[in-house]
Amino acid sequence: MSTATKKPIVLTGDRTTGPLHLGHFVGSLQSRVKLQEEAEQYLLLADAQAMTDNVGRHVKVSENVLEVALDYLAVGIDPAKSTIFIQSQVSELCELTQFLLNLVTVSRLERNPTIKEEIRLRGFERDIPAGFLTYPVSQAADITAFRASIVPVGEDQVPMIEQTNELVRRFNATVDAEILVECSAMMSSVGRLPGIDGKAKMSKSLGNTISLSATPDEISQAVKRMYTDPTHLRVDDPGMVEGNVVFSFLDAFEPDRARVAELKAHYQRGGLGDSVVKRLLDERLQALIAPIRERRAHFAADRGEVLAILKRGTERARNTAAATLSDVKGALGLNYFG
Ligand code: TRP
């Protein structure tokens, strides 16, 4: 008898509003490269979701599909192990969204804390696009169409997982069958990378990122500009490592933990200059980004090959989603023609 255990199904998603950066590498890309060895992993390029708050910027959204795909391939996502696919090309996801929309109230949607915050940030107030308010339902369809049991997400996405599971329970209770599967959020253990300016979050809109295609010079410039301890004026002064971006980055990228601990102690005591620590970080980042930048350039030079990878992935994803949709429609009595 076969003792082979089935791999868990993992689904990840990224809105295609721009290329990814080092913050994404630490927060999610790194762990996805590992996950593809242990799980059946689907990576969704969320172009349709990106359109919910980018009306009029659809060209930017669609052009970034290829950019994000290049980032995936550059960090080592292997299309032979993972399925990379484009959300807007899997129409089954829209069908499932439509059925799930009947199982949630408008007031419940308005209570979703992530949506509330995004509405505030975007200044939608009472003029909320319906597609935006309901994107958590579309996201629930993204997850459940693949019967994913694990969804790696940042903290801000946890309400989406809760809402997904509410929908799963309501759907299954409605049709009195276990058709859809609940999932759990997998939180990154590494934590979040701060921006090079010391702001808590690295984000393109804040202009404090390091891109995955940064040139050697761009990397060095970013390290030079990095926020350290503004009160650490002379080398002999004791310095702060908390909130010091250079040390946060070393925590994330220097594998020799003992060395980092030693440098931190020295810095706190006094006698260690910023430039010495920055030189070490510069070396680490150069070594980390060089192969990513080269792989990215290699794939970027063969756009046809990348599109072929996306086409194959999208076909595979459609087959999976179509099988779930057939069960969903069957459970709802919508299988008129057998
Ligand atoms: N909401 C995610 C983001 O803003 C993208 C996304 C779309 C997603 N569908 C998903 C994430 C499904 C996880 C699961 O980046």
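Tutor: In this predicted model, 12 residues of domain 1 are in contact with 9 residues of domain 2. The domain assignment of the protein chain gives domain 1 as 9-193 + 303-331, written in two segments, while domain 2 is given as 213-297. Between the C-alpha centres of domain 1 and domain 2 there is a distance of 34 Å.

The segment 303-331 of domain 1 has the residue range of helix α14, which packs with helix α3 (residues 58-75) at an angle of about 90°, the two axes lying 11 Å apart. Because the angle falls within 65 to 115 degrees, α3 is roughly perpendicular to α14. On the side of α3, the contact is made by Val65, Leu66, Ala69, Leu70 and Leu73, and these meet Arg303, Val306, Leu307, Ile309 and Leu310 of α14. Sorted by class, this contact of α3 with α14 has 9 nonpolar residues and 1 charged residue, with no polar ones.

Two or more residues of the lining come from each of α2 (47-51), α4 (92-101) and α8 (135-144), and α4 gives the most, with 4 residues. By class, the lining of the second largest pocket has 9 polar, 6 nonpolar and 1 charged residues, whereas the contact of α3 with α14 has no polar residues.

Technical notes: Residues numbered from 1 in each chain as written. Predicted model: local features only at pLDDT ≥ 70, side-chain atom pairs only at ≥ 80, totals over all residues. Heavy atoms only, no water. Axes fitted to C-alpha atoms, helices over the stretch in contact; angles between N-to-C directions. Parallel < 35°, antiparallel > 145°, perpendicular 65-115°, else oblique. Contact = heavy atoms within 4.5 Å. Nonpolar A, V, L, I, M, F, W, Y, C, P; charged D, E, K, R; others polar. Domains from an automatic or database assignment.
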